[in-house]
Amino acid sequence: MSDIERAEEAHGQPGTTLAKPAGGVPDRFDNPGLPEHRHRMGDTDPKAARRAERQVAVMLVLSMIGSIGIVVSIIAIKYNGDFDRISWSTKAIGLSMFLSLFALGVGAVHWAKTLMPDDERIDYRHRQRGTEAEREEAVGLLKEGAAEAGLGRRPLIRNTLVGALVLFPLPAVFFFRDTGPLPGNDLSTTMWEGGMHLVKDPEGGRIRAADVSLGSVVHVMPEGIEDAESVLNEKAKSAVLVMRLDEGLLTEKSAEWGVDGIVAYSKICTHMGCPVALYEQQTHHLLCPCHQSTFDLTQDCKVIFGPAKRPLPQLPITVDDEGYLVAERGFYEAVGPSFWERG
Ligand code: FES
């Protein structure tokens, strides 16, 4: 018995009027049956079916070209210090990815709409788990569907589909490779080291200890940062604030790592890495404008407010023979926000 016959037995023949209660709305309405089935061009015209097959193949080939385009874009357009290249690389990868996904999707939809079987079936609700006979029938239907997809009879689609699906995950390999190299201990270290002069940021120029007045704040970078291999990355880690306080206000350790009340602390917020750019001279507080973390200079830059969890690291400084401020050594700990290896 077919699906439709079973359905009609259970729900009434098309056009059957069911009993109505006197003067009321019927319990159930007429079964309207199925509208007349309209065949697609490919069902009746072999030429149209072949044309649809070629169209599907073209879309799958375009998808392959898109996948290869992603790989070529990643390899060919490398960042070489020119920001325009990042822009071109992003555009090329985006367009290739669009072509790869769009063509694959259009090809699949076109295949299903023009060449896959076009039977109309009724499937009424039933228990979640079917009987053994129904389960066997379902397996049979799946096998039938696989056979009807015609992959054996349509080698052009089969081969191009295999090509498209094999190439599709390939760009992921290059994406992941392109995220390297691993950072190593780059996140834990800065370019600061003993004997390195402190220079003003951004104007440059060494800083004489005698020129740092009480209550002042100086934005500082390590001398020679412009020659670093990755200037922006180094600047993002090495920025420092130098302030002069009455030495009696500082903790013992803070005063010891400074010079005559001049202390240097990392400018990179330990919450999420914003520059801690505001200094309240009266309260001796450093404020991060992003989420208002507040660090107290008189308590070794301990967090007294806000979401930051760690004090700002202090840079030990001293003066050279000519009275200029120099780092005594690098930071003792990683600057900036916490990360996975730091805990
Ligand atoms: Fe400074 Fe969030 S980044 S408080």
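1. Let's start with how helix H3 and helix H6 pack. In this predicted model, H3 covers residues 46–76 and H6 covers residues 155–167, and the two pack at an angle of about 20° with their axes 9 Å apart. Angles under 35 degrees count as roughly parallel, so H3 is roughly parallel to H6. The crossing of H3 past H6 is left-handed.

2. If you want to look at that contact residue by residue, the H3 side is made up of Glu53, Val56, Ala57, Leu60, Val61, Ser63, Met64, Ser67 and Ile68. Facing them from H6 are Leu156, Ile157, Thr160, Leu161, Gly163, Ala164 and Leu167.

3. H3 has another partner worth a look: helix H7, residues 170–178, packs with H3 at an angle of about 20°, with 8 Å between the axes. That angle makes H3 roughly parallel to H7, and this crossing is left-handed. Ser67, Ile70, Val71 and Ile74 of H3 make the contact with Leu170, Pro171, Phe174 and Asp178 of H7. Ser67 is listed in the contact with H6 and in the contact with H7.

4. Stepping back to the whole chain, please note the division into domain 1 (41–177) and domain 2 (198–327). Taken over C-alpha atoms, the centres of domain 1 and domain 2 are separated by 57 Å.

5. Which residues touch the most other members of the largest nonpolar core? They are Leu198, Val220, Val242, Ala264 and Leu325, in a core of 42 residues. At least two residues of this core come from each of strand S1 (198–200), strand S2 (217–222), strand S3 (240–244), strand S4 (262–266) and strand S11 (325–327). A second, separate core has 13 residues, among them Val56, Ala57, Ala103 and Ile157.

6. Leaving aside residues up to four places away in sequence, Leu198 touches Ile207, Val220, Val242, Ala264, Ile317, Leu325, Val326 and Ala327.

7. Finally, have a look at Tyr265, which lies in strand S4. Is Tyr265 buried or exposed? A residue with 20 or more other C-beta atoms within 10 Å counts as buried, and Tyr265 has 25, so Tyr265 is buried. Again setting aside residues up to four places away in sequence, Tyr265 touches Val240, Leu241, Cys301, Leu312, Pro313, Gln314 and Leu315. Glu223 is 42 residues from Tyr265 along the chain, and their C-alpha atoms are 16 Å apart.

Note on methods: Residues numbered from 1 in each chain as written. Predicted model: local features only at pLDDT ≥ 70, side-chain atom pairs only at ≥ 80, totals over all residues. Domains from an automatic or database assignment. Core = buried A, V, L, I, M, F, W, Y, C linked by C-beta atoms within 7 Å. Buried ≥ 20, exposed ≤ 12 C-beta atoms within 10 Å, placed from the backbone. Helix = DSSP H or I, 4+ residues; strand = E, 2+ residues; numbered from the N terminus. Contact = placed C-beta atoms within 7 Å. Axes fitted to C-alpha atoms, helices over the stretch in contact; angles between N-to-C directions. Parallel < 35°, antiparallel > 145°, perpendicular 65-115°, else oblique. Left-handed = near helix turned anticlockwise from the far one by under 90°.
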